Amino acid sequence: MTAIYLMSMLFGLACGQVMSFCFPTEYTMHVERNECAYCLTINTTICAGYCMTRDINGKLFLPKYALSQDVCTYRDFMYKTVEIPGCPRHVTPYFSYPVAVSCKCGKCNTDSSECIHEAIKTNYCTKPQKSYVVGFSI
């Protein structure tokens with residue numbers, strides 16, 4: 001029984017080294033502009049999950065760029081654009097946001113991703129809400 005348990009544990013560790021748990025995850029965000037009357041609630045997908053990373057023992061001897069760790073980031077994504085309701089004529093009411101199609105473990109690209117350690121805690125509305133569902137504002 002102990003040998004089976006030990007083999008199962010080793011198999012699990014080996015699979016954990018190869019597999020990552022980085023995939024598109026549902027996310028709700030709130031978008032508002034000071035000039036517009038409403039806050040828009042958008043359901044989208046973002047990349048989230050766990051990526052296997054190893055800590056290097058020789059950190060003191062390596063340049064900083066060699067120490068970056070893999071993160072769960074976008075492999076393929078597309079942009080969608082919505083219209084924020086209740087905006088005056090002089091304000092552009094359009095807002096574009098990324099939708100994760102597929103994800104990967106890799107270096108964080110600051111051109112297309114927000115590479116931060118903590119999630120921003122201000123994802124809420126201060127104005128009346130409107131929901132956005134499949135291309136229509138309700």
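This is a predicted model: local features need pLDDT of at least 70, side-chain atom pairs count only at pLDDT 80 or more; totals for chains, interfaces and linings use all residues.
Strands here are DSSP runs of E with at least two residues, and helices are runs of H or I with at least four residues, both numbered from the N terminus. Residues are numbered from 1 along each chain as its sequence is written, and side-chain values use heavy atoms, with hydrogens and water left out.

**Tyrosine 27**

- Tyrosine 27 has a relative accessible area of 32%, so it is partly exposed; buried means under 20%, exposed over 50%, and partly exposed in between, with a 1.4 Å probe and protein chains only.
- From C-alpha to C-alpha, tyrosine 27 and alanine 48 are 9.8 Å apart in space, while 21 residues separate them in sequence.

**Cysteine 22 and cysteine 72**

- Cysteine 22 is joined to cysteine 72 by a disulfide with an S to S distance of 2.1 Å.
- This pair links distant parts of the chain, with cysteine 22 in strand 1 and cysteine 72 in strand 3 (residues 71-83), 50 residues apart.
- The link of cysteine 22 and cysteine 72 is right-handed, with 85 degrees about the S-S bond.
- Cysteine 22 and cysteine 72 are both buried.

**Cysteine 36 and cysteine 87**

- The sulfur atoms of cysteine 36 and cysteine 87 are 1.9 Å apart and form a disulfide.
- Cysteine 36 sits in the loop between strand 1 and strand 2 (39-50), and cysteine 87 in the loop between strand 3 and strand 4 (94-106), so the pair ties together parts 51 residues apart in sequence.
- The disulfide of cysteine 36 and cysteine 87 is right-handed because the torsion about its S-S bond is about 100 degrees.
- Cysteine 36 is buried at 3% relative accessibility, whereas cysteine 87 is partly exposed at 21%.

**Cysteine 47 and cysteine 103**

- Cysteine 47 and cysteine 103 form a disulfide with their sulfur atoms 2.1 Å apart.
- Here, too, distant parts of the chain are linked: cysteine 47 is in strand 2 and cysteine 103 in strand 4, 56 residues apart.
- A torsion of about -90 degrees about the S-S bond makes the disulfide of cysteine 47 and cysteine 103 left-handed.
- Cysteine 47 is buried, with a relative accessible area of 12%, and cysteine 103 is buried at 9% relative accessibility.

Notes
A disulfide is a pair of cysteine sulfur atoms within 2.5 Å.
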